[in-house]
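Reader: I've got the coordinates open and a few things to ask. Can we walk through them together?
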Amino acid sequence: MKTVAAVAVIVVMFVATFVRIAESQTPAKPATETCTLKVSGMTCGGCEAAVRMAARSVDGVTDVKASYAKGNAEVTFDPSKTNPAAIAKVITEKSGFKAETIQPGTKK
Ligand SMILES: [Cu+2]
């Protein structure tokens, strides 16, 4: 009977270790980056919506905050799927508002 108990303990420990390994391998939320694009010509909320829709159509874009008052769009994206230049190009083509990347280190 002692052997059975020992085996049971080993099995329980094995399962506990396995569960821990499985948990540690659960993929984390994908890393995203946020970039600010200069967007020219927006004059109202409708323009913002057009820019948002255009940016959101890009695969990998997870969030867009467009502001006609600031003349920009903050785009959150998955850097393994797209990049600021590609997003700016799609915004320009689909919304009709000219979007440009802002050089890193350049403050508005
Ligand atoms: Cu408008």
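Reader: Let's start with serine 67. Leaving aside its neighbours within four places in sequence, which residues is serine 67 in contact with?
Author: Keep in mind that this is a predicted model. Serine 67 sits in strand E2. Once the neighbours within four places in sequence are set aside, the contacts of serine 67 are Met42, Glu48 and Asn72.

Reader: Is serine 67 buried or exposed?
Author: The cut-off for buried is under 20% relative accessible area. Serine 67 has a relative accessibility of 16%, so the label is buried.

Reader: And that strand, E2: where does it stand in the sheet, and why is one side of it left without a neighbour?
Author: The sheet is open, with 4 strands in the order E2-E3-E1-E4 and antiparallel pairing. E2 (61-67) has a single partner strand, as does E4 (98-101), so one side of each is left without a neighbour in the sheet. Neighbouring strands are turned by 25 degrees against each other on average, direction ignored. As for where E2 stands, that's at the edge.

Reader: What is the bridge partner of aspartate 63 in E3?
Author: E2 and E3 (residues 72-77) run antiparallel and are joined by 6 bridges. For aspartate 63, the partner in E3 is threonine 76.

Reader: Which helix packs on the sheet touching E1, E2 and E3, and what angle does its direction make with that of E2?
Author: That's H2, which touches strand E1 (33-40) as well as E2 and E3. Helix H3 (residues 84-95) lies across E1, E2, E3 and E4, at about 170 degrees to E4. For H2 against E2, the angle is about 160 degrees.

Reader: How far apart are the C-alpha atoms of alanine 55 and isoleucine 87?
Author: Alanine 55 belongs to helix H2 (residues 45-56), and it is buried, with a relative accessible area of 0%. Beyond four places in sequence, its contacts are Val61, Val64, Ile87 and Ile91. Alanine 55 and isoleucine 87 are 32 residues apart along the chain, yet their C-alpha separation is 6.2 Å.

Reader: Now the metal. Which protein donors does the copper ion have, and at what distance?
Author: Both donor atoms are SG atoms, from Cys44 and Cys47. Water is not among the atoms, so the site may look incomplete. The donors Cys44 and Cys47 lie 2.0 to 2.1 Å from the copper ion.

Reader: Of those cysteines, which one is buried?
Author: Buried takes under 20% relative accessible area. Cysteine 44 comes out at 36%, so it is partly exposed. With a value of 10%, the buried one is cysteine 47.

How values were computed. Residues are numbered from 1 along each chain as its sequence is written. This is a predicted model: local features need pLDDT of at least 70, side-chain atom pairs count only at pLDDT 80 or more; totals for chains, interfaces and linings use all residues. Side-chain values use heavy atoms; hydrogens and water are left out. Donors are N, O and S atoms within 2.8 Å of the metal (3.2 Å for Na, K and Ca); water is not among the atoms, so sites may look incomplete. Buried means under 20% relative accessible area, exposed over 50%, partly exposed in between (1.4 Å probe, protein chains only). Helices (H or I, at least four residues) and strands (E, at least two) are DSSP runs, numbered from the N terminus. Contact means heavy atoms within 4.5 Å. Two strands pair if DSSP finds at least two bridges between them. Axes are lines fitted to C-alpha atoms, for helices over the stretch in contact, and angles run from 0 to 180 degrees between N-to-C directions.
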